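Reader: I've just been handed this protein and I'd like to get my bearings. Could we go through it together?

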Amino acid sequence: MTRPTDTSAVAYQGPPLYAVPDDLVHLNVLDMKNTDERLWVPQSKDVWFRPLLFNTSQGYFVNLLRVRKSGILSRHRHAGPVHATTLKGRWHYLEHDWWAEEGSYAFEPPGDIHTLEVPEGVEEMITMFHVTGAYIYVDPMGKPEAVEDVFSKIELARDHFEKIGLGADFVNQFIR
Ligand SMILES: [Fe+2]
């Protein structure tokens, strides 16, 4: 009697699919104590982001947002879906009654307009945001004032890496 050969532990033997981009791995992204400070791109006073992935063909980016101040961060509208995983601290939107607590996940639907506040007593907030489309910064009536997307994030990161001596091309490793 022949037994079927178990191939479950055999790695894929065929050719790679054409035009598949390189995979992208960052070790220890959740280790908040041992991060390379050079990777944190200043965005505004006491606000930084650390890029994990800039996806230019699908128009999204994944980054860690770090805020070391309390108060209002921004009022914005989303042109695409947002996934937010809070790694440290807590924050909320003035328009909603839920709070993003450490270890929580939140989905922000496209079209939602909200105002992000970090409360008093939070010395540092770090959240992993997966943002598709754009942040459209708006006034209290929803009138657009500024736009941020994967391309403006890339520009900010390029300028930062250039300025600190890593070179503008350092940003390329994050782009897929
Ligand atoms: Fe948002």
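What follows is a set of questions and answers on this structure.

Author: Before we start, this is a predicted model, where local features need pLDDT of at least 70, side-chain atom pairs count only at pLDDT 80 or more, and totals for chains, interfaces and linings use all residues. Residues are numbered from 1 along each chain as its sequence is written.

Reader: How many helices and strands are there in the protein?

Author: Helices (H or I, at least four residues) and strands (E, at least two) are DSSP runs, numbered from the N terminus. From that end, the elements run β-β-β-β-β-β-β-β-β-β-β-β-α. The count is one helix and 12 strands.

Reader: In what order do the strands sit in the open sheet that has S1 in it?

Author: Strands count as paired if DSSP finds at least two bridges between them. In general, strands of a sheet pair through backbone hydrogen bonds, either parallel or antiparallel. Here six strands form an open sheet with antiparallel pairing, and the order is S1-S2-S3-S10-S5-S8.

Reader: Which strands are at the edges of that sheet?

Author: An edge strand here pairs on one side only. The edge strands are S1 and S8 (105-108).

Reader: And which strands does helix H1 touch?

Author: H1 covers residues 150-163 and packs on the sheet. Its direction makes about 115° with that of S2. The strands touched by H1 are S1, S2 and S3.

Reader: Which residue in S3 stands opposite Asn-55?

Author: S2 and S3 (residues 60-67) run antiparallel and are joined by eight bridges. The residue in S3 opposite Asn-55 is Tyr-60.

Reader: What is the bridge partner of Lys-88 in S10?

Author: Strand S5 (residues 82-88) has two pairings to look at. With S8 there are four antiparallel bridges, and Ala-84 has Ala-106 as its partner there. With S10 there are six antiparallel bridges, and the partner of Lys-88 is Ile-126.

Reader: Why is one side of S7 and of S12 left without a neighbour in the sheet?

Author: Six strands form an open antiparallel sheet in the order S7-S6-S9-S4-S11-S12. S7 (99-100) and S12 (144-148) stand at its edges, so one side of each has no neighbour in the sheet, as each has a single partner strand.

Reader: Which residue in S11 is the bridge partner of Arg-77?

Author: S4 (residues 71-78) and S11 (residues 135-138) pair in the antiparallel sense. There are three bridges between them. The partner of Arg-77 is Ile-136.

Reader: What is Phe-61 in contact with, leaving aside its neighbours within four places in sequence?

Author: Two residues are in contact if their C-beta atoms, placed from the backbone, lie within 7 Å. By that rule, the contacts of Phe-61 are Pro-51, Leu-53, Phe-54, Asn-55, Val-131, Val-150 and Lys-153.

Reader: Is Ala-19 buried or exposed?

Author: A residue is buried if 20 or more other C-beta atoms lie within 10 Å of its own, exposed if 12 or fewer, and partly exposed in between, with C-beta atoms placed from the backbone. Ala-19 is in the segment before S1 (41-44), and its phi is near 70°, a positive value in a residue other than glycine. Because 5 other C-beta atoms lie within 10 Å, Ala-19 is exposed.

Reader: How does Asp-46 count, and why?

Author: Asp-46 is in the loop between S1 and S2 (47-55). Though not a glycine, Asp-46 has a positive phi of about 65°. Because there are 15 C-beta neighbours inside 10 Å, Asp-46 counts as partly exposed.

Conventions:
Axes are lines fitted to C-alpha atoms, for helices over the stretch in contact, and angles run from 0 to 180 degrees between N-to-C directions.
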